[in-house]
Amino acid sequence: MLKDEDGVLTGPMATALEAEFGVSARIAPQDYIMNALIWVMKDVGVAFRHYIEDGRANALAVKAVLEKFDGARLAAASAPLSLLDFASGYGRVGRHLSKLMPAAFYTAMDIHPTAVSFNRDTLGLDTILSHNEPELVVSDRTFDYVVALSFFSHVRRALFDKWLQALHRLMKPGGMLIFTAHGRESHDATMPDVAIDADGYGMMKTSEQFDLSTDYYVQAITYEPFVVAAIKRIKGLELVAVEPASWWGHQDMYVVRCVEEASPSAWQRAAMRISGSVRYFAGRARRTLGRFVKSATGKSQPETPPPSI
Ligand SMILES: C[S@@+](CC[C@H](N)C(=O)[O-])C[C@H]1O[C@@H](n2cnc3c(N)ncnc32)[C@H](O)[C@@H]1O
């Protein structure tokens, strides 16, 4: 396997996969998902192909779910709707989804700054940096769709409602949240020794993201009654559907509608305004720099996606 000057995995296999799948097959060396695949599959080539192939399958599945539950709105939209891939990782799914769903403008959000810069600079995606504390996830932007694949499968019990609230703040009224979680099938198939409490929550203090503290990120199991009760506690969110074990053969999928805007606290509202101003001035600075570069060199800056915050 070859690496380029930035340490990104490249080489003949990447070139072949790019030709086959029509997306960048570059993979960041810090990508723990790829690490886990190599560990499970014991073969870098097989893991590399699976990463790209399964990313595409997942992107197609997200598209199918949105069409199934919100097809009329997608078809009627005169301009692209907005889609946030929360906990995007290093664009395993996003590199495909951003191309397969032109009806939605794609934004990737993750806790790892290296994932944000890889997604932005190597994959050319719009990005937002997240935070470990759900209360501190504030943005002036809201989205028609929020997708969180394999994130709630890692959430500590005490943070479960807070993460639902955080994602609610990122949703437009009428918008939809799709997320996956480890349910009964994941429990039986992947972590049978984990004890589940009376409410339907259990966890193991470990994860594939070796650099993330288990204070925030663990292997969590959440039976359907636990998740459904959590959704019911969030005013403004409404459960639309649960599809047990429909992801990767074991994770449950939840489809949730934002029926009423979230009500951020006073300081969160203030932070949202600041984030909007930062984005506005960053955009202006970039346009000014672009004009300066063009007048000095005669060359235009490459097209960049909307500003990240
Ligand atoms: C199991 S991976 C799933 C990645 C991606 N959704 C996929 O399916 O390939 C979980 C992701 O959650 C991200 N993550 C963990 N804590 C986060 C947080 N507080 N905010 C946003 N992302 C977070 C990790 O960095 C990692 O990329």
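Helices (H or I, at least four residues) and strands (E, at least two) are DSSP runs, numbered from the N terminus. With that in hand, here is a walk through this predicted model.

## Confidence first

The protein chain has an average pLDDT of 92, and 96% of the residues score at least 70. One stretch needs care: over residues 301-309 the pLDDT stays under 50, and the model has 20 contacts there beyond four places in sequence. Where pLDDT is low, the predicted coordinates should not be read in detail.

## A run of parallel strands

Within the pair, L84 stands opposite T107 of β4.

Strand β3 also pairs in the parallel sense with strand β6, residues 143-148, this time over three bridges. Here L83 stands opposite Y145 of β6.

Now move to β4 itself. This strand is mostly covered, with six of its seven residues buried. Its parallel pairing with strand β5, residues 126-129, has four bridges, and D110 stands opposite L129 of β5. Together with helix α5, β4 and β5 make a right-handed β-α-β unit.

In a regular strand the side chains alternate between the two faces of the sheet.

## Around the ligand

Which residues are closest to the ligand? They are A87, G89, R92, I111 and S130, out of 18 residues that surround the ligand.

## Two residues with positive phi

Most residues other than glycine have a negative phi, and most peptide bonds are trans. Two residues deserve a look on this point. S150, in the loop between β6 and α6 (160-169), has a positive phi of about 55° although it is not a glycine. A245, in strand β10, residues 237-247, likewise is not a glycine and has a positive phi of about 55°.

Is S150 buried or exposed? S150 counts as buried because it has 20 C-beta neighbours inside 10 Å, and the cut-off for burial is 20 or more. A245 has 16 such neighbours inside 10 Å, so A245 counts as partly exposed.

T122 lies in helix α5, residues 113-122, and K172 lies in strand β7, residues 171-182. The table gives one C-alpha to C-alpha distance for each.

| Pair | Apart in sequence | Apart in space, C-alpha to C-alpha |
|---|---|---|
| T122 and D6 | 116 residues | 9.8 Å |
| K172 and E260 | 88 residues | 8.5 Å |

Leaving aside neighbours within four places in sequence, T122 is in contact with V8, S24 and R26. T122 counts as partly exposed because it has 18 C-beta neighbours inside 10 Å.

For K172, the contacts beyond four places in sequence are T142, F143, D144 and C258. K172 has 16 C-beta neighbours inside 10 Å, so this residue too counts as partly exposed.

Notes
Residues numbered from 1 in each chain as written. Predicted model: local features only at pLDDT ≥ 70, side-chain atom pairs only at ≥ 80, totals over all residues. Near = placed C-beta within 6 Å. Pairing = 2+ DSSP bridges. Buried ≥ 20, exposed ≤ 12 C-beta atoms within 10 Å, placed from the backbone. pLDDT = per-residue confidence, 0-100. Contact = placed C-beta atoms within 7 Å. Right-handed = clockwise from strand over helix to strand, strands pointing away.
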